[in-house]
Amino acid sequence: MTEQTTDIRNENNLSPRRSPESPRKKGKAPAVLAAILAAAAGIALGGYGKEALHQWLGGHSHEQASAGQKQLWTCGMHPQVIQDKPGICPICGMALEPMNMDAAGGHGAHGSGSSISIDPVVVQNMGVRVATAQKGPVLRTVRAVGYLRQAQPGIHDVNLRVSGWVEKLHADTEGMFIRAGDPLFEIYSPEIQTAIEELLLARRSAETLAPDADEGTRQMADILLGAARRKLEQWGLTTEQIDELSTLPHAPRTITFLSPASGEVSEKNIVQGAMVKAGERAMQIVDRSRLWLDVQVYAQDFPFIRVGQQMTATVEGFPGEQFTGEVIFIHPQVDPVLRTAAVRLELPNPQLRLRPGMFASATLDAQITEDAVLVPREAIIDTGTRRVAFVSLGDGHFEPRNLKTGHAGDDGMVHVLAGIEPGELVVTSGQFLMDTESRMKEAIQKHLSSTLTAGHGHEDKHQQEHRHVEKVTGSQQWKQAVDATLSAYLAIAEKLGEVQTADHPMDVAELVKSADHLTKHASDDAARK
């Protein structure tokens, strides 16, 4: 024990021939000495010494609590360093500064444990601005882009149900406009000719029946006539065509097929004179009177869009014009790469000005709720895991609030689901400095609650710690030696917290002497364990 103490003295010995040092340099040796002395005292004192030291610290805290708000000192660079007297920071060696006890108090004037107080002059210098939380609708303008495409219900295929040869082709050019009922082509088909002859024969049989013919014969003639007409209808002839053919004396050589819809011939697979077979697609006719606009909408905008809404579209080919369409479909899947989904609009195109393939953009003005608590977006500090806003309580007091937020509107307002009530004032400028002050205050409060301040809750904690302190028994001489060593150590600790002005080394002879005395009395004592 004596050799170890001697090494400590030699290590911390300051040569009298050295020039005076700055306060920063002076604080280093006492800081090292304090750490070594604390370790030595902890080793030497044992369980009884720990209990005595704990009782001394507890009494010291109670004395400060009874004295009220005692002035504390802290380091500007390391706020976790707090002492009850001026001194040197053991970390960086800077002189400690007096701490604002109002800001470090456990509770503000409004009873909030997390509120902070700022001088009005400082508030003005910080440029703090506030805004009132108000109620209103959450407005959002959804914008998306896409391309015009042909509406699938407007696509018509012309398929032949009988085989034959194209005798004459009326719709002979792809892209030409055809109206419903216009002739497409004429084909020669022996099957159709036979069916027409059957129709004519059934008509003649029904007309030549004798007036006194029985009812069964008349019904049979009507059945044959109806069957002949239905066969021609199933092969694609219209009712008007069948009525006209039934009046002819004999079947014509060719039959004309008519267009089922108005539109452009987008695909033509036959030419004049070509042979066609049943089931083949001869042409495709596309009706452009209504078009689809498929736009890509981001996932965060889905709550604002629903089927049946009206959206306004602008097309690059018609600047300054707007086209109104209706949302008819929202795709159920989201692209995992683009994080978008297709929303389909149906646009009327009566004048056929819009064409498939045109680039267009759509805009929708929508709202989720009409009665929401709104605060400016700049008032919210987003840390990634939580959102915080500072509420002005008046008289320079501010309180941080954890918020639960919803959607943000285009007007710079954010829907607050919980944390702020309408009419409260939120800080919109300078809140980052307040967040720093709040975090520092929280650190100070934690330190004060554990070491300096002593309330009923702390007394319970000290009592709980006392119950866990190891109870060590020993001789009365050994206990007296422990008390003497502890007193010598605490005397040095008090001096270490003060500003060091002298260059000569600190006298630790009394501590060394007490430690030697303690070692002698504890060498064969069970309490040393």
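Modeller: Buried means under 20% relative accessible area, exposed is over 50%, and partly exposed is in between, with a 1.4 Å probe and protein chains only. This is a predicted model, so local features need pLDDT of at least 70, side-chain atom pairs count only at pLDDT 80 or more, and totals for chains, interfaces and linings use all residues. Residues are numbered from 1 along each chain as its sequence is written, and side-chain values use heavy atoms, with hydrogens and water left out.

Biologist: OK, how many aromatic pairs are there?

Modeller: Four aromatic pairs. The rule takes rings of Phe, Tyr and Trp (its six-membered ring) with centres within 6.5 Å; planes under 30 degrees apart are stacked, over 60 edge-to-face, and the rest tilted.

Biologist: What kind of pair do Tyr 147 and Phe 359 make?

Modeller: Edge-to-face, because the ring centres are 5.5 Å apart and the planes sit at 70°. That pair links distant parts of the chain: Tyr 147 is in strand 7 (residues 139-150) and Phe 359 in strand 20 (residues 359-367), 212 residues apart. Strands here are DSSP runs of E, at least two residues, and helices are runs of H or I, at least four, numbered from the N terminus.

Biologist: And how accessible is Phe 359?

Modeller: Phe 359 has 30% relative accessibility, so it counts as partly exposed.

Biologist: What about Phe 318 and Phe 323?

Modeller: Their planes are also at 70°, with centres 6.1 Å apart, so that pair is edge-to-face. Both Phe 318 and Phe 323 are buried.

Biologist: Switching topic: which ring does Arg 253 lie over?

Modeller: Tyr 188; Arg 253 lies over its face, 4.6 Å from the ring centre. The test wants NZ of Lys or CZ of Arg within 6 Å of the ring centre and within 35 degrees of the ring normal.

Biologist: Where is Leu 352, then?

Modeller: In the loop between strand 19 and strand 20. Leu 352 has a positive phi too, near 60°, and isn't a glycine either. At 23% relative accessibility, Leu 352 is partly exposed.

Biologist: Last one: where does Met 220 lie?

Modeller: Met 220 is in helix 7 (residues 215-234). Its relative accessible area is 48%, so Met 220 is partly exposed.
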